[in-house]
Amino acid sequence: MSGVAENLMTVSARIAAAGRKYGRPEGSVGLLAVSKTWPAASVREAFAAGQRAFGENYVQESVDKIAELADLPIEWHFIGPLQSNKTRLVANHFAWVHSVDRLKIAQRLSEQRDVHLPPLKLCLQVNVSGELSKSGVTPEALPALAREVAQLPRIELAGLMCIPEPSPDEALLRARFRQLAHLRDALRVTLGLPLDMLSMGMSDDLELAIAEGSTLVRVGTAIFGARQRPAA
Ligand SMILES: *Cc1c(COP(=O)(O)O)cnc(C)c1O
């Protein structure tokens, strides 16, 4: 068995164990394999082992990789910072975008999404770490942003995403994840949308995110190994 296949089994076992420990229904936590900086061959290896959803952070790198892997029925998720001059590529190469924190970006994605494609599924990235983080909409500004994004025609507002500040403090990380879940619960009521996606948890903290209701953990290092280079 390949290293990637073995790692996928280990990560799946971690997800299943955390799900049992924290009383999550079976199958309620998905796995997004974060393939940024890794070549198409690594994605093929994970695909051969059964993985279908992959996450990418860098627009040009991901568009090249998606073209190389066009023969595989992969569900691509964009999870990186997004500049407005790059939205067209993302709007038309991905099924999901997790990292939207401004109305302008969401509007452009909606305008640029090909009408022949299904609506682009979108998470709003929330800053749950206050001044310790630069990206994400503030919890205070989230309701107004969500209301506007929910009305865009080529977008399906599907949930929320967060990246807490790195910390060894498990209680603090759980509190960050819990806050995202509470924000989602409140929005569900005010918007009347399911907002089923809670995109939270990475290689080091996925158990804590699952404890607080994560429906998709985004895992890179624990599947592909330590990244050698920051991608372009
Ligand atoms: C890189 C990245 C991940 C994966 O992080 P690992 O620690 O390698 O699992 C998850 N989410 C986002 C937004 C990332 O940029």
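**Figure 1. Helix H1 gives the most to the lining of the second largest pocket, with five residues.** The model is predicted: local features need pLDDT of at least 70, side-chain atom pairs count only at pLDDT 80 or more, and totals for chains, interfaces and linings use all residues. Residues are numbered from 1 along each chain as its sequence is written, and side-chain values use heavy atoms, with hydrogens and water left out. Helices (H or I, at least four residues) and strands (E, at least two) are DSSP runs, numbered from the N terminus. A pocket is an open set of points on a 1 Å grid over the protein atoms alone, where a 1.4 Å probe fits, with protein on both sides within 12 Å along at least five of seven lines. Lining residues have an atom within 4 Å of a point. The second largest pocket holds about 240 Å³ of space. A volume is the space filled by probe spheres set on the grid points, which are joined across faces, edges and corners. Thirteen residues line the second largest pocket, and Ile15, Ala16, Gly27, Ser28 and Val29 are the closest to its centre. H1 and strand S1 (30-34) each supply at least two residues of this lining. The lining of the second largest pocket divides into five nonpolar, five polar and three charged residues. Nonpolar covers Ala, Val, Leu, Ile, Met, Phe, Trp, Tyr, Cys and Pro; charged covers Asp, Glu, Lys and Arg; the others, Gly among them, are polar.

**Figure 2. The largest pocket has a volume of about 850 Å³.** Its lining has 33 residues. Lys36, Ile163, Pro164, Met202 and Arg218 lie nearest the centre of the largest pocket. By class, 13 lining residues are nonpolar, eleven polar and nine charged.

**Figure 3. Arg14 and Glu207 meet in a salt bridge through their side chains.** A salt bridge is a side-chain nitrogen of Lys or Arg within 4 Å of a carboxyl oxygen of Asp or Glu. The N to O distance between Arg14 and Glu207 is 2.8 Å. Arg14 belongs to H1 and Glu207 to helix H8 (residues 206-211), so the bridge ties together parts that are 193 residues apart in sequence. Arg14 is partly exposed at 23% relative accessibility, and Glu207 is partly exposed at 24%. Buried means under 20% relative accessible area, exposed over 50%, and partly exposed in between (1.4 Å probe, protein chains only). Thr10 also sits in H1 (residues 3-21). Thr10 is partly exposed at 45%. The C-alpha atoms of Thr10 and Ile223 are 8.5 Å apart, across 213 residues of sequence.

**Figure 4. Lys65 and Glu61 form a salt bridge, with N to O at 2.7 Å.** Lys65 and Glu61 are four residues apart in helix H3 (residues 59-68), so about one helical turn separates them. Lys65 is buried, with a relative accessible area of 4%. Glu61 is buried at 15%.

**Figure 5. Glu165 and Arg176 form a salt bridge, with N to O at 2.6 Å.** Glu165 lies in the loop between strand S6 (155-161) and H7, and Arg176 in helix H7, so the pair ties together parts that are eleven residues apart in sequence. Glu165 is buried at 11% relative accessible area, and Arg176 is buried at 19%. Elsewhere, salt bridges with shared partners join Glu56, Glu61 and Lys65 into one network. The whole structure has ten salt bridges.

Figure 6. Trp38 lies in the loop between S1 and H2 and Phe224 in helix H9 (residues 221-224), so the pair ties together parts that are 186 residues apart in sequence. Both Trp38 and Phe224 are buried. The rings of Phe54 and Trp76 have their centres 5.9 Å apart and their planes at 45°, so this pair is tilted. Phe54 is in strand S2 (residues 53-56) and Trp76 in strand S3 (residues 75-78), so parts 22 residues apart in sequence are tied together. Phe54 is buried at 0%, and Trp76 is buried at 6%. Rings of Phe, Tyr and Trp (its six-membered ring) pair if their centres lie within 6.5 Å; planes under 30 degrees apart count as stacked, over 60 as edge-to-face and the rest as tilted.

**Figure 7. Thr37 has a positive phi of about 75° although it is not a glycine.** Most residues other than glycine have a negative phi. Thr37 lies in the loop between S1 and helix H2 (40-48). Thr37 is buried at 9% relative accessibility. Leu195, not a glycine either, has a positive phi of about 45°. Leu195 lies in the loop between helix H7 (170-191) and strand S7 (197-199). Leu195 is buried at 3%.
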